[in-house]
Amino acid sequence: MIPVNAGETLPACPTRCADAIWTFFNEKRSAPPGEIRETAEVFPALDLAGDPRQIPVGARLTEIHLGPERLAAFHFDGQVYFVSTDELFHKTRVISR
């Protein structure tokens, strides 16, 4: 099991299954349905494997979910990424709700 926050855990998955992590975020927290944000500044985010990637200016972020410990998950370019909620809210703007 992967510790998340006082008593919460994500299911362990030997193949780093994205579905288990994404399901956790879907069930626990989310932004307003259908909200799309656009990046105003480049910022770093981690993919499901924990590899860093720079999210470029003008990127459209969808399916935004707010998790524990000020962590946010979102879809961009067909993949799921994680970033701090501070980074997300300071470097993006809402373009659609």
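These legends describe close-up views of a predicted model.

View 1. Arg 37 sits in β3, which spans residues 36–39. Its relative accessibility is 7%, so Arg 37 counts as buried. The Arg 37 side chain makes a polar contact with the side chain of Thr 92 at 2.7 Å. Residues touching Arg 37 include Ala 59, Leu 61, Ile 64, Leu 88 and Phe 89.

**View 2. The strand partners of β3.** β3 pairs with β9 (residues 92–96) in the antiparallel sense, over four bridges. Ile 36 has Ser 96 of β9 as its bridge partner. β3 also pairs with β6 (residues 60–66), again antiparallel, over two bridges. Here Glu 38 is bridged to Arg 60 of β6. A network of salt bridges links Glu 38, Arg 60 and Arg 93.

**View 3. The salt bridge between Glu 35 and Arg 37.** The closest N and O atoms of this pair are 3.3 Å apart. Glu 35 is buried, with a relative accessible area of 6%. Arg 37 is buried as well, at 7%.

**View 4. The salt bridge between Asp 77 and Arg 53.** The closest N and O atoms lie 3.4 Å apart. Asp 77 is in the loop between β7 and β8, and Arg 53 is in strand β5, so the pair ties together parts 24 residues apart in sequence. Asp 77 is exposed at 54%. Arg 53 is partly exposed at 29%.

**View 5. The salt bridge between Arg 70 and Asp 86.** The side chains meet at 2.2 Å, N to O. Arg 70 lies in the loop between β6 and β7, and Asp 86 in helix α2, 16 residues apart. Arg 70 counts as exposed at 53% relative accessibility. Asp 86 counts as partly exposed at 32%.

Key: Residues are numbered from 1 along each chain as its sequence is written. This is a predicted model: local features need pLDDT of at least 70, side-chain atom pairs count only at pLDDT 80 or more; totals for chains, interfaces and linings use all residues. Side-chain values use heavy atoms; hydrogens and water are left out. Buried means under 20% relative accessible area, exposed over 50%, partly exposed in between (1.4 Å probe, protein chains only). A polar contact is a pair of N or O atoms within 3.5 Å; within protein, one must be able to donate a hydrogen and the other to accept it, and residues adjacent in sequence count only if both atoms are side-chain atoms. Contact means heavy atoms within 4.5 Å. Two strands pair if DSSP finds at least two bridges between them. A salt bridge is a side-chain nitrogen of Lys or Arg within 4 Å of a carboxyl oxygen of Asp or Glu. Lists of a residue's contacts leave out its neighbours within four places in sequence.
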